[in-house]
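The following paragraphs are intended to be read alongside the sequence and the coordinates.

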2 protein chains.
Amino acid sequence: MTLPLDFDRLWSTIDRSAAIGTGRPGGLCRPTLSDADREMRDQFVHWCREAGCTITIDRVGNIFARRAGVDDARPPVVMGSHLDTTLNGGRYDGILGVLAGLEILRTLHDHDVRTDAPLEVVSWTNEEGTRFAPPMLGAGAFAGVYDVDWVHARTDDDGVRFGEALARIGYAGEAPVGGRALDAYFELHIEQGPELDAAGIDVGIVTRGYTVRGGIFEARGETAHTGPCPMDERRNTLVGASMLAVKVNDIGWAHHGTRGKSTVSRIVAWPNRPGILSDWAQITCDVRHEDRDTALGMWAEVQAAVPACARDARVEIALVDQWSFGDERFDEGCLDLLRQAARGLGVPAREMASQAGHDAYHLATVAPTALIFAPCLGGITHNHREEIDRTRAEASVRVLLGAVLARANRPLSER
Amino acid sequence: MTLPLDFDRLWSTIDRSAAIGTGRPGGLCRPTLSDADREMRDQFVHWCREAGCTITIDRVGNIFARRAGVDDARPPVVMGSHLDTTLNGGRYDGILGVLAGLEILRTLHDHDVRTDAPLEVVSWTNEEGTRFAPPMLGAGAFAGVYDVDWVHARTDDDGVRFGEALARIGYAGEAPVGGRALDAYFELHIEQGPELDAAGIDVGIVTRGYTVRGGIFEARGETAHTGPCPMDERRNTLVGASMLAVKVNDIGWAHHGTRGKSTVSRIVAWPNRPGILSDWAQITCDVRHEDRDTALGMWAEVQAAVPACARDARVEIALVDQWSFGDERFDEGCLDLLRQAARGLGVPAREMASQAGHDAYHLATVAPTALIFAPCLGGITHNHREEIDRTRAEASVRVLLGAVLARANRPLSER
């Protein structure tokens, strides 16, 4: 079965999204549970209802738009990604996957085509983790990794609880979080790396993720005057945090030859003011590598760097939070459907690993899951200059459609 | 002339101050132009009026309490310091100097003693610079270093203008800022260093300051995803700022043998969030040395460290603001009065340099000025554990009184 997708409609839908929560020209500032997030959610729900879908919102604000199947008792085939952005995000990151799923449901609606299994499009809450840590929070809750009460208790930098913020924007749904079978989950996302663009290949079939280990290190020292306190009596946490930040960066460079990465994304301190040494600081960092053992080794190197930084800055440094993702492998059955769809369309596809975290990682633990990449120009993302070649990206949407229809209509013998 | 100071009253006055803007137990959080600052100002003005003083408030909120002299046309002899604190300040830093001045005026009032020249006690606005940069702002404006409109335009981290904040707390006075003659300015302050405490000496006569050079370095890079972006394409300003922070700290250590210091007191970045590289960061830092040339050399070392940090982090780093203080020498005539007062009281005094910045530095450029230190325990300050031995501190208040009376009553032939 093939269907003519209306790409003009898809791109105008994406352009409408790009006008909600505008940041720098070309970019979006639509952090989770902000007013802009609410406006985008309202718009998405409106579009889904226009396309004949029923809407379900669960207790962490994940939105599911459902198109009934011929056999509506079957578990749904689900497409999706996220609609939230960082503070300087692009118009495609996450958004392409959700709105391409919407376009597929719209197309089925237009042509009055019904799949055997029901289809759903989901927008996961707080993929970016910009406002509330950790990232991929809604998908993680759906997969049972995070308890709903724990999710509700997350706070942002202003001390606002996730649960309050969710209720404020009117998206504290009543549906249970997870706990139901999905037939499969397919996520389309921009690559967020330069590979497909550089190779001139339009479709990435993501077989697995880079292994990621990250965490928050907390330094504790003592306030003092920035003047008279002698160097050997100072316990300035900003110095300890900076030392560790430099070491973390060095570790990424040491593994650059095999495409390893390390990142310090955040430093906070208190009082962090002129005239006074800071007695508290945190740095948020992670390491990533395609080879799991190497990633684990890099994370061990980060932790091994801590004692010297603590000693040299005369502070205590402890790992107070940590996370891991990217160890999952995607489902061979779903990957085969992507391969077949690409072949059927005559579209060259590259098998690759994802370097960024995605909602699909959590979903892979509870449902057969696969991830598809569309190229993005120069690999630039989390930046207002994020851009795609829309004509090239259309191939990935067609592959998504092909795989989803094949999965939803597969005969009983293959289930 | 000697007068019996009421130290019980002084210490209870300081205890009352210590209840306004309480932070951690033992400490104060009374940043400039906050509600706590207003409450303290109101209390101070009330006390001064009770002691028969007239109050003048200038356009940057400096408060002058005046006791008329026999010859009230003479320029006043002024005592003072500041009543604002850092976010984790002690109960004596600045406060001792203002409230010891008040105690002297109260004592004169009680005994109906009038000096030939008028006396004033001043509380300078924003000595700490915790909320509005730069520190010593009110005193600097009085000395003509900062234009009043420029002071009013300073903003805090929330974008609130100094002028607005001053009006909000009701201390936007109408008196011109500076532009009038002072006969002399005497500031009593806790040492904020360990020297007097360690030596068992109760009075420090400060002849000069450590030379201080400081500034804000700004890094500019580019946002990107913390995952796929290769190490050699990253332009993470947090890495550049951290590298520079480590270098600045190293420079202080290199001069530790001659009691040099360097400090990184503040790092800010944007977006400074998980998942995204920061494209903007600032670090606030300074260097201090007793030897002016060495201090200048240290500051040159800081600036020389910038290009390598910028190159290694692939960011631009520029010095966007800088300041200098501590080059001033205090007035020999005023210092002699302190020496004579100490001798007359039989109190051993140590001549020394100040390592912290003080309002007196700015005053020294427009009036004969001297600075007196009282010991503080272990040199601990800008910390809720700041403490003094009150009995030992009384000597410095007596020396202040002696010098002020001598100056205000000196015969025409010595003026």
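In this predicted model, strand E3 (residues 77-82) of chain A pairs with strand E5 (residues 184-190) of chain A in the parallel sense, over three bridges. Within that pairing, Met79(A) has Phe186(A) of E5(A) as its bridge partner.

Two helices of chain A pack on the sheet. Helix H3 (residues 95-110) touches strand E2 (63-67), E3, strand E4 (119-124), E5 and strand E12 (369-374), and its direction makes about 140 degrees with that of E3(A). Helix H12 (residues 390-408) touches E3, E4, E5, strand E6 (203-209) and E12, with a direction at about 180 degrees to that of E5(A).

The sheet as a whole is open and has eight strands, in the order E1-E2-E4-E3-E5-E12-E6-E11 (chain A), with mixed pairing. Strand E1 (54-57) and strand E11 (349-354) of chain A each have a single partner strand, so one side of each is left without a neighbour in the sheet. On average, neighbouring strands are turned by 25 degrees against each other, direction ignored.

Chain A is divided into domain 1 (7-210 + 327-414) and domain 2 (211-325). Their C-alpha centres lie 33 Å apart. Contact between them involves eight residues of domain 1 and nine residues of domain 2; the domain 1 side comprises four nonpolar, three polar and one charged residues.

Finally, the largest nonpolar core has 245 residues, of which Ile372(A), Ile372(B) and Leu400(B) touch the most other members. Among the residues that Ile372(B) touches are Phe186(B), Leu188(B), Val203(B), Ile205(B), Leu338(B), Val399(B) and Leu400(B).

Key
Residues are numbered from 1 along each chain as its sequence is written. Chains are lettered from A and ligands numbered from 1 in the order in which they are written. This is a predicted model: local features need pLDDT of at least 70, side-chain atom pairs count only at pLDDT 80 or more; totals for chains, interfaces and linings use all residues. A nonpolar core is a set of buried Ala, Val, Leu, Ile, Met, Phe, Trp, Tyr and Cys residues joined through C-beta atoms within 7 Å. A residue is buried if 20 or more other C-beta atoms lie within 10 Å of its own, exposed if 12 or fewer, and partly exposed in between; C-beta atoms are placed from the backbone. Two residues are in contact if their C-beta atoms, placed from the backbone, lie within 7 Å. Domain bounds come from an automatic or database domain assignment. Ala, Val, Leu, Ile, Met, Phe, Trp, Tyr, Cys and Pro count as nonpolar, Asp, Glu, Lys and Arg as charged, and the others, Gly among them, as polar. Two strands pair if DSSP finds at least two bridges between them. Helices (H or I, at least four residues) and strands (E, at least two) are DSSP runs, numbered from the N terminus. Axes are lines fitted to C-alpha atoms, for helices over the stretch in contact, and angles run from 0 to 180 degrees between N-to-C directions. Lists of a residue's contacts leave out its neighbours within four places in sequence.
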